[in-house]
Amino acid sequence: MRTKFYTLLGTLAIAGLSLVPIGAKAQETIQYYRPNDQRGINVFETSKNDTVKFTGLKVKVGGNFELTFQALGQSNTAIAQTKTGYTGNINSLIPLTHAFQLPMANLNVDVQLADGVRMNLTQYLASRHHEDTWVKGGYIQFDKLTFLHSDLVDNIMKSVTIRIGQSDVDYGDQHYRRSDGGSTIFNPFIENYVMDEFSTELGAQFYYFNKSGFFLMGGLTDGLLSETVVASSKVDAVTGQPLKYDPAILGKVGFDKQLNKDFRVRLTGSVYTVNSDYSNTLLGGDRTGSHYYNILENQAIASGTTLNDAVDYSPFSGRVNPGFSNEIHAFMGNLFLKYKGLEFFGTAENITGRGAAEAGDRWATQFAGDLIYRFPENTQNFWLGVRYNTLKADILGTGDVTVNRTAGSFGWFLTKNIMMKAEYVSQEYLDYPNTNILNGGKFHGVMLEASIGF
């Protein structure tokens, strides 16, 4: 990891690029940019405010690092079962202890290529899901097109942003507040939603911003986390034909306005839809993993060995993925209200979809609400928060189930780059059959996390 990092810095230096020093002016050198520190909280789409003067090609190297301590207890009521080839009761739970998790880290490279033209490259240096270095994605963002030398285009671009590349799918607003590997500084809690809507896909997203606060987004992606040019060998149970690689269509309409110095309102509605896909990962595209480790899992299921095997085979513990890998139609509404230090962020979501072998659609609905109070008024570097998140879904082979999570948090920004937070979480699984390891499943306890972003 360290070698790759210094190799990157050396490559940039040899190329004759101007590295931006880490300091007060570092963030101000990149245009139309969301800071990786406290200033990026409650920032959604990047602003069209032209506040940074372009002075030439600039490179900003930044990072995110997190360290988490887990103290969780768990239980279930599933009946004991054995399975050929596996050791012991496959519905017994992994014994847990109170200890530190694997630290995660991201490397962020932002480049000001031209006036109003910015590039981003993000790498996961280490994460729960992939312990070695992986490229998350990269994109180019156009807020100006001055190289076309057109006054008409320049006027249009005062209200338009274009993003092209392998980037976060802008479905809903929750992905702006979630933890992403080492980047946890925007999330007032430790984990993301029970059903985590996040993926990086290759495509383009087009934004129109009106001074009234109204905005629109339309986009088109390939619907895949991992691209391939190989034709699918899977057969669609509905059509009887090999799966197609249809593009995914996404859109968002919203209103975001600071009504006065104390009160901000944001309301958005989003859609993501694809009719046929080889392996869609909108609900499972996180390559870093959950921040609750080894919850309600049995080690022998994957390892075929004893429960004392320390391999972390399931990186998404505590989450539920309905498995809509072939066809998915997703709709999300979000409401964000902020009055002085008091914030509310709400989510309502409905999804239908299916896998390739299924003849009919299944469904999932999710609701969540965060209530956060940041204080004192002038710095807002402390906060208290509570979240309620509930998911109801039709799971293939299981039926209709419900998962409820309640979490409370307390946090402190020591500086704009350094954050500490504590969380108490309680989660329960309802309506799972007694042969399922999640039957009567519960976990609760305390999480502590330190995070750095720059």
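The model is a predicted one. Its protein chain contains three helices and 17 strands. The radius of gyration of the chain is 23 Å, close to the 22 Å that the globule rule gives for 454 residues, and the chain is therefore as compact as a globular protein of that length. Taken along the principal axes, the box filled by the C-alpha atoms is roughly 70 × 55 × 50 Å. Of the 454 residues, 53% count as buried. The contacts also show how the chain is connected: among those between residues at least 6 apart in sequence, 68% join residues at least 24 apart.

Rolling a probe the size of a water molecule over the atoms shows where empty space is left. The largest pocket has a volume of about 1100 Å³. It is lined by 33 residues, and those closest to its centre are Glu45, Thr46, Ser47, Lys48 and Asn49. The elements that give two or more residues to this lining are strand E8 (214-221), strand E9 (248-258) and strand E10 (263-274). The largest share, three residues, comes from E9. By residue class, the lining of the largest pocket divides into 10 nonpolar, 11 polar and 12 charged residues.

The second largest pocket holds about 720 Å³ of space. Its lining consists of 30 residues, of which Ser314, Phe316, Arg319, Val320 and Asn321 are the closest to its centre. Here the lining residues divide into 15 nonpolar, 10 polar and five charged.

Is serine 409 buried or exposed? Its relative accessible area is 6%; because a residue counts as buried under 20%, serine 409 is buried.

The surroundings of serine 409 can be described by its contacts. Not counting residues up to four places away in sequence, serine 409 touches Pro188, Phe189, Trp383, Leu384, Gly385, Ala422 and Glu423. With one of these, tryptophan 383, the serine makes a polar contact from side chain to side chain, at 3.2 Å. Glycine 385 is another residue of this list; glycine 385 and serine 409 are 24 residues apart in sequence, and their C-alpha atoms are 5.0 Å apart in space.

Note on methods:
Residues are numbered from 1 along each chain as its sequence is written. This is a predicted model: local features need pLDDT of at least 70, side-chain atom pairs count only at pLDDT 80 or more; totals for chains, interfaces and linings use all residues. Side-chain values use heavy atoms; hydrogens and water are left out. Buried means under 20% relative accessible area, exposed over 50%, partly exposed in between (1.4 Å probe, protein chains only). Contact means heavy atoms within 4.5 Å. A polar contact is a pair of N or O atoms within 3.5 Å; within protein, one must be able to donate a hydrogen and the other to accept it, and residues adjacent in sequence count only if both atoms are side-chain atoms. On a 1 Å grid over the protein atoms alone, a cavity is a set of points where a 1.4 Å probe fits but cannot get out, and a pocket is an open set with protein on both sides within 12 Å along at least five of seven lines; lining residues have an atom within 4 Å of a point. Grid points are joined across faces, edges and corners, and a volume is the space filled by probe spheres set on the points. Helices (H or I, at least four residues) and strands (E, at least two) are DSSP runs, numbered from the N terminus. Ala, Val, Leu, Ile, Met, Phe, Trp, Tyr, Cys and Pro count as nonpolar, Asp, Glu, Lys and Arg as charged, and the others, Gly among them, as polar. The radius of gyration is taken over C-alpha atoms; the globule rule is 2.2 Å times the number of residues to the power 0.38.
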